[in-house]
Amino acid sequence: MVFGELYDRHAASVYRYAARRAGEFAADDVTGETFLVAWERLGSYDLNHPDARPWLFGIATNLLRRHHRTESRMLKSAAKAALRDAVPDESERIASRTDAFVATGKIAAALKAMPAIDRDTLLLYAWGDLTYEGIAEALEVPIGTVRSRLNRARRTLRNDIGLLEFDDKEKKHGRVNTAPRNA
């Protein structure tokens, strides 16, 4: 009964995270496997953690590592498609879409080239919508490691996509406890 509530509460967010990481074709499998592993490990869950999302996202991230080849192919394909498909400059709307398409390709290529530990951390933050503490719990690393990995991933992403100037205002996306700038 309680596990069913856990599934009802978190299955959609685990699915969205998996779909963004490995595509919709793998998201069903990853979501199902995540809850199967969670069921098998239910006895080892630390009840001192009131939110099970980081635990579930940790399981999903580990399963997604198995699907890394699929993710790698998707990012490689997106990067190639962005370079291959030239859209004629017929209007302002099309020019904007072309710029977005090229930027998507650059981002995909940067994510593909990024070390897996940095990519996992960045995507748990950006797509999983986890706090620093949640990411630390999901990846079973200290919060300082999360801060270091996010900083390195952001810097790599900025450099790889050619973003020279960076706005000091980081959007919190409704999350509290972001890392202080001087950490």
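1. Of the 183 residues of the chain, 40% count as buried (buried is under 20% relative accessible area, exposed over 50%, partly exposed in between, with a 1.4 Å probe and protein chains only). The model is predicted: local features need pLDDT of at least 70 and side-chain atom pairs count only at pLDDT 80 or more, while totals for chains, interfaces and linings use all residues. Residues are numbered from 1 along each chain as its sequence is written, and side-chain values use heavy atoms, with hydrogens and water left out.

2. Helices (H or I, at least four residues) and strands (E, at least two) are DSSP runs, numbered from the N terminus.

3. For contacts in the chain with a separation of 6 or more, 66% are accounted for by residues 24 or more positions apart; a contact means heavy atoms within 4.5 Å. The accessible surface comes to about 11,400 Å², and 53% of that belongs to carbon and sulfur atoms (Shrake-Rupley method, 1.4 Å probe; for residues, only the protein chains shown count as cover).

4. Helix 3 covers residues 53-66, 14 residues in number, and reaches 20 Å from its first C-alpha to its last, close to the 20 Å expected at 1.5 Å a residue. The expected span is 1.5 Å times one less than the number of residues. Because 10 of its 14 residues are buried, helix 3 is largely enclosed by the rest of the structure. Among the buried residues are Trp55, Leu56, Phe57 and Ile59, along with Gly58 and Ala60.

5. The structure holds 4 salt bridges, each defined as a side-chain nitrogen of Lys or Arg within 4 Å of a carboxyl oxygen of Asp or Glu. One of them joins Asp120 to Arg21, with the closest N and O atoms 2.7 Å apart. Asp120 lies in helix 6 (residues 116-126) and Arg21 in helix 1 (residues 2-22), so this pair ties together parts 99 residues apart in sequence. Asp120 is buried, at 2% relative accessible area, and Arg21 is buried, at 2% relative accessibility.

6. Asp120 also meets Arg65 in a salt bridge (3.0 Å, N to O). With Asp120 in helix 6 and Arg65 in helix 3, the pair ties together parts that are 55 residues apart in sequence. Arg65 is partly exposed, at 39% relative accessibility.

7. Another salt bridge pairs Arg53 with Asp51, the closest N and O atoms being 4.0 Å apart. Asp51 is partly exposed, at 35% relative accessibility.
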